Amino acid sequence: MNQPIVPPQEFGRRADDAPESIATRLRHAFLHHLFYTQGKFPALATKTDYYLALAYAVRDRLLQRWISTANEYTQRGSRTVAYFSAEFLMGPHLGNNLINLGLFDEARAAMSELGLNLDDLLYQEEEPGLGNGGLGRLAACFIDSLATLEIPAVGYGIRYEFGIFHQSLVDGWQVEKTDKWLRNGNPWELARPEWAVEIKLGGHTEQLRDEHGQLHVRWIPNRTINGIPYDTPILGYRNNTANTLRLWKAEAPEAFDLDVFNRGDYQGAVNQKIISENLSKVLYPNDEHVEGKELRLAQQYFFVSCSLQDMLRILKGQRIPLERFHEKFTAQLNDTHPAIAVAELMRLLTDENRMPWQQAWAITQATFGYTNHTLLPEALERWPLALFKRVLPRHLEIIYEINARFLDDVRRRYFGDDARVSRLSLIDESGERYVRMAHLACVGSHAINGVAALHSELLKQDVLKDFYELWPKKFSNKTNGVTPRRWLALANPRLTRLISQTIGDGWIKDLDQLRQLEPYADDVNFRAGWREIKRANKRDLAEIIRKRCGVAVDPASMFDVQVKRIHEYKRQHLSALHIIALYHRLKSNPNAEMTPRTFIFGGKAAPGYRMAKLMIRLITAIGDVVNRDPAVRDQLRVVFLPNFSVTNGQRIYPAADLSEQISTAGKEASGTGNMKFAMNGALTIGTMDGANIEIREQVGAENFFLFGLTAQEVAELRAGGYQPYDWYTGNPELKEVIDLIRHGFFSRGDGELFRPLVDSLLQYDPYCLFADFQAYSDAHTRAGDAYRDSDQWTRMSILNSARTGLFSSDRTIREYCSDIWRVQPVSVPMLSQDDVRAELMSY
């Protein structure tokens, strides 16, 4: 590491550059930041210092594009997508930025010249856990695609100080620990305190008349909070576009009360700081108690109010009239969490800017689009009126007014249909009164979409049926997608090299080009190369499993993987029942022929979701028994990899042979893990649910292991009086499985440990595990048989990957742009230092 320290230089790729010169400039920039930013020299530097030095060197390259992009958008007054999401599960930035800059190989070479391993530095990055799962990861994929497609956009959310919890396993139970992702700072963000906004909460309202006799409402809050924006550049793939992810941090207007401190009340002196900063402290506070509910509602309001005020600032700065707000911005509500934005924009327009109601409502509806992400009624947010009034008194009045005008229209349209009026009302009047946030989003938006073909149809038929009948033209489907930059190019470099050597690298930006791989599925040499890459990825994952779980797994066995949020409808416990069935078969018949399998689970249960935690405990208990039994050691292994995250996903998806997508039909909105697995060549065992249907259509029914009831069959089963106990007594293998659990075989004789789970299945089985058990078992038999023919399995794997073009988030974003947002790409020319100097001189 004895290298000269030199000033930072521009080190991006140019047409006349040799790779050596790029690596050299990158190395110089790295050393500069190690010395001047980290204040370290090699003898004192840690791996974290090295990571941060490289991150700052790469960020320098991003900033030129970021400034150029902001300048171009400002000069043009470009129509801009504002993507509102309570979650942005971005994953580590460094590797993704190197991929998008086209500097990954050069960075590896530069670090190697300094005696450093790039992979070691990549693993030092603290992952921002600013999301719970698919919702936040989808938002991250979308803003990656927006930048790659050169669409002007800004992502708006919350800069949680502590993200989704860090999961560990203690005695097989999930234990939540604080996610301190900011402990070493965040080199990718820039604070923008000059653009802080004020947020009001609580209090009451007053009516007053202006000098013209017009009645207006003034909100008198009982507390105010400042929202501070933190900006992260989001780079497009090999272009000059760098859009902005703007996350808001809550701060007290006065963080320290000197007078109170001097009176000896040291805790009281910082009380306002503590209370205010709670708003952006934790992702999804536990809302089992009323204080948690109030905090969660205040969080949602905080970030949408900050964001809308920021959009008004941009509008003013670009000298665009307020009446053209909806022409400058199109705002997408990512699920119901940001739905309060409808009422807040109305407040800002009518109360703060004195715009007439009808004009403000037309602008509001023209601004917002609403994406629904769930078919579960309990996930459609509702807030008790009393709680809502305490937190947002003015917004409740606005919602009442929106509702009154809306229901007047409904009564005229459906004369005498009081039941329909009640169903459509923004206020749930049955029992305790609630504000229905999904209803508010539907009424206040010009477009409503689901996220998979089946999901969108079920929204029309069930969850939002009345709204569809009222406004059928509002509804459309936008099947989700994932970015191939992170989930293939970065996550699976071996496969990326093989594909690019075979068909070129255009597929990274146009995933449909993977179709060119189809003829190679019949090429013996190509199949051999594909198979060896899968083996290598499995060896890597096996080593991770050995280190983290203390379990040795055979890379030659079928890696059967289910990694996702733990929830009953996702049915991880169906897989657990099947594993017990396999174990029972092997113990009953030691000579039984069975394809060796390694079952790999991962995912987090919500801290207050007791049944999901019990499901994790069942899986780990099965693993404890199976993995210690020498009689089945060569044929069956079960591991639960703790703390599933984007980082861990990048190591798991490329190593999977079989992807478990086994949710109850009609319950999963889309799923995106299924797409990541298929993109990396895993075959799917799954139900006709969510995007599974479209994956099966694309990859071919012969390359997909289908099982289970359809959504219609589930509904008919329920309507006919589903009796899970009859299925239990009618299937001898299922009965043996359940009885092993009931009698404490997997809990050291404790028959009570898993009793809540067993009783729920025997008495209710809300997600039809028993009804699907035999079909699931049969599908696994087919998958096991297919895996034995390694050549044919490899062919199926290649075709799965080759046919995933539809599931790129680039395709999804193009559909949003053309059908909902009506926004066009803007090509960004790179600003030079001379351009900046000339602009400064002009002021």
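**View 1. V561 stands opposite I600 of strand β19.** This close-up comes from a predicted model, in which residues are numbered from 1 along each chain as its sequence is written, local features need pLDDT of at least 70, side-chain atom pairs count only at pLDDT 80 or more, and totals for chains, interfaces and linings use all residues. Side-chain values rest on heavy atoms, with hydrogens and water left out. Strands β18 (residues 558–563) and β19 (residues 597–602) run parallel and are joined by 6 bridges. Strands here are DSSP E runs of at least two residues, helices are H or I runs of at least four, and both are numbered from the N terminus; two strands pair if DSSP finds at least two bridges between them.

**View 2. An open sheet of 6 strands carries the order β20-β19-β18-β21-β22-β23.** Its pairing is parallel. At the edges are β20 (636–640) and β23 (704–706), each of which pairs on one side only. On average, neighbouring strands of this sheet are turned by 20° against each other, direction ignored. As a friendly reminder, strands of a sheet pair through backbone hydrogen bonds, either parallel or antiparallel.

**View 3. Helices α22 and α26 lie across strands of the sheet.** Helix α22 (residues 572–588) lies across β18, β19, β20 and β21 (658–661), and runs at about 155° to β19. Helix α26 (residues 692–699) lies across β21, β22 (683–686) and β23, with an angle of about 135° to β23. Angles run from 0 to 180 degrees between N-to-C directions of lines fitted to C-alpha atoms, for helices over the stretch in contact, and contact means heavy atoms within 4.5 Å.

**View 4. The largest cavity has a volume of about 130 Å³.** Elements giving two or more residues to its lining are α3 (94–101), α6 (134–148) and β9 (223–235). The lining holds 13 residues, with M90, N96, D144, I234 and R486 nearest the centre of the cavity. By class, 5 are nonpolar, 5 polar and 3 charged. A cavity is a set of points on a 1 Å grid over the protein atoms alone where a 1.4 Å probe fits but cannot get out, and lining residues have an atom within 4 Å of a point. Points are joined across faces, edges and corners, and the volume is the space filled by probe spheres set on them. Asp, Glu, Lys and Arg count as charged, Ala, Val, Leu, Ile, Met, Phe, Trp, Tyr, Cys and Pro as nonpolar, and the others, Gly among them, as polar.

**View 5. The second largest cavity has a volume of about 100 Å³.** Of the 14 residues lining this cavity, Y51, E125, E126, G185 and P187 lie nearest its centre. The lining has 6 nonpolar, 6 polar and 2 charged residues. In total, the model has 8 cavities of 30 Å³ or more.

**View 6. D335 has a positive phi of about 80° although it is not a glycine.** Most residues other than glycine have a negative phi. D335 sits in the loop between β11 (329–334) and α11 (341–352), and counts as buried because its relative accessible area is 9%. Buried means under 20%, exposed over 50% and partly exposed in between (1.4 Å probe, protein chains only).

**View 7. R748, also not a glycine, has a positive phi near 55°.** R748 belongs to the loop between α29 (732–742) and α30 (755–763). At 81% relative accessibility, R748 is exposed.

**View 8. S112 is part of helix α4 (residues 104–113).** S112 is partly exposed because its relative accessibility is 49%.

Technical notes: 1 Å grid on protein atoms, 1.4 Å probe; cavity = no way out; pocket = protein on both sides within 12 Å on 5 of 7 lines; lining within 4 Å.
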